[in-house]
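Please walk through this structure with me. We start with the whole assembly and end with single residues.

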Number of protein chains: 2
Amino acid sequence: MRRLNGVTTRAAQRRQTEERILAAARRLFGEHGYERTTIRGIAEAAGSDAGLVMRYFGSKEKLFAQAASIPPDGPIEGAPDEIAGQLAAGLAAKLAEEPAAALAAMRAMFSHPEAAAEVRAAMTAQQRQVADQLPGEDAVLRSGVIGALILGLVIGRHLVKLEGLDATPEALLELATPLLTQLAEG
Amino acid sequence: MRRLNGVTTRAAQRRQTEERILAAARRLFGEHGYERTTIRGIAEAAGSDAGLVMRYFGSKEKLFAQAASIPPDGPIEGAPDEIAGQLAAGLAAKLAEEPAAALAAMRAMFSHPEAAAEVRAAMTAQQRQVADQLPGEDAVLRSGVIGALILGLVIGRHLVKLEGLDATPEALLELATPLLTQLAEG
DNA sequence: CATTTCGGTCTACGTGTGTTGACTGAAATC
DNA sequence: GATTTCAGTCAACACACGTAGACCGAAATG
């Protein structure tokens, strides 16, 4: 058995290996998308074996589901003028965050149907929450634009790496917050 | 030879077949991304043959390049307060546009390295143009956020199909234009 | 009409993929 | 200490893919 450090117990060893595989999967799925990432590649990156990856995670599909599962955003609630602040806080987290799992989900969304469905579901749920708390007839529309702005900032920063968006989260927030406020208040 | 209509001349027939293939390629690349789209699938959708696709376009790579080539945006220039209007006009075009080639490019950007480079180059060029015409120290940053907003709206509408973003281009513009103005003027 | 050109079809090859199953040896259990 | 369990390795399978080349028949050319 591979012995990479002092840990001896079998359960611990296994947990450690699974974690290494999962981390490698997150990274590779995030860098190259679903299709271009191979089980063999993940195994190698994790210092493991393709067969083992299969045995532990069942299939590439299931591994991907675990690697790219989206941590749900916190709830949005409160008076209309508080909403913008909460949105900004959520955005700040997304901008600062080391783009591992979320990035994998995002990138895969564009080539992998199930991932796309999951991302859409997550975003729609979040967005509907926002729309419910917003005033005005066009609350849904405005919450859609809010979602688009956040989506654009996250994708622009982490995936497309647009010029200028590599600024500090604070600088970005300074620009984005007024926009969010404006959209939230209608 | 397949004879689908009255056209008889060989050159016309060929042009027609190439066009059918290209149209099918655009549609499929746009729907499923680069990897999940197969030469065989394109050929079948075009009522043609995989070998023929290869002979006409050389390789999947080259076919993709032709199918997903990005039409460059018009130039951006003028006084700072005109910029927002021009940006809005460009955005309007992107929102209304039947998302065939552009969608293929967008979607592929996330799974296909070369496409990603091309898209990024196009966006960066456009963005730099904008930044040059904008006042203020943080022109690059603001133009980045402008790009993110547009990117988010286009992706949110055509790719993710966010709720609310299926509104008429006019309604979306009514919300987006003030944001663009605000970003342009600093 | 004879010959050449060429659009279209079919078959096959090589490669890389996800996935499976047999095997090995050390840890766990008694 | 004997037996069982199980993490890890290796080799192989079936399949789908991009691609190449042989072949056919009708249009073009003289």
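What rotation and what shift along its axis superpose chain B on chain A? The rotation is 179° and the shift is 0.1 Å, with an RMSD of 0.2 Å. In chain B, the C-alpha of G152(B) is nearest the axis, 1.9 Å from it.

A word on the source. This is a predicted model, in which local features need pLDDT of at least 70, side-chain atom pairs count only at pLDDT 80 or more, and totals for chains, interfaces and linings use all residues. Residues are numbered from 1 along each chain as its sequence is written, while chains are lettered from A and ligands numbered from 1 in the order in which they are written.

Helices (H or I, at least four residues) and strands (E, at least two) are DSSP runs, numbered from the N terminus. The C-alpha trace of chain A spans about 60 × 30 × 30 Å along its principal axes. Of the 186 residues in chain A, 41% are buried. A residue is buried if 20 or more other C-beta atoms lie within 10 Å of its own, exposed if 12 or fewer, and partly exposed in between, with C-beta atoms placed from the backbone. Consider next the contacts in chain A between residues at least 6 apart in sequence: 66% of them join residues at least 24 apart. Here, contact means that the C-beta atoms of two residues, placed from the backbone, lie within 7 Å.

Next comes the interface. In it, 37 residues of chain B are in contact with 36 residues of chain A. On the chain B side, α1 (10-36), α7 (113-133), α8 (139-159) and α9 (169-185) each supply at least two residues. The largest share, 15 residues, comes from α8(B). By class, the side of chain B that touches chain A has 19 nonpolar, eleven polar and seven charged residues. Ala, Val, Leu, Ile, Met, Phe, Trp, Tyr, Cys and Pro count as nonpolar, Asp, Glu, Lys and Arg as charged, and the others, Gly among them, as polar.

Look at G156(A) in this setting. It is found in helix α8 (residues 139-159) of chain A. G156(A) counts as buried because it has 27 C-beta neighbours inside 10 Å. Leaving out residues up to four places away in sequence, G156(A) touches L162(A), L165(A), G144(B), G147(B), A148(B) and L151(B).

Move on to the loop between α8 and α9 of chain A, where G164(A) is found. With 25 C-beta neighbours inside 10 Å, G164(A) counts as buried. Beyond residues up to four places away in sequence, G164(A) touches V140(B), L141(B), S143(B) and G144(B). K161(A) also has its place in the loop between α8 and α9 of chain A. K161(A) has 13 C-beta neighbours inside 10 Å, so it counts as partly exposed. Its phi is positive, about 55°, although K161(A) is not a glycine. In chain B, K161(B) has a positive phi near 55°.

What of the nonpolar core? The largest one has 114 residues, and L153(A), A176(A), L153(B) and A176(B) have the most contacts inside it. Such a core is a set of buried Ala, Val, Leu, Ile, Met, Phe, Trp, Tyr and Cys residues joined through C-beta atoms within 7 Å. L153(B) touches A148(A), L91(B), L95(B), L165(B), L172(B) and A176(B), not counting residues up to four places away in sequence.

Finally, turn to the DNA. How many residues surround DNA strand D? There are 23, and the closest are T17(A), G51(A), T38(B), G51(B) and S59(B). A residue is near a strand if its C-beta atom, placed from the backbone, lies within 6 Å of it. α1(A) gives the most to the surface near DNA strand D, with four residues. Around DNA strand C there are 23 residues, of which T38(A), G51(A), S59(A), K60(A) and G51(B) come nearest. The surface near DNA strand C has six nonpolar, nine polar and eight charged residues.

Conventions. Copies are superposed by least squares on the C-alpha atoms of residues with pLDDT of at least 70 in both.
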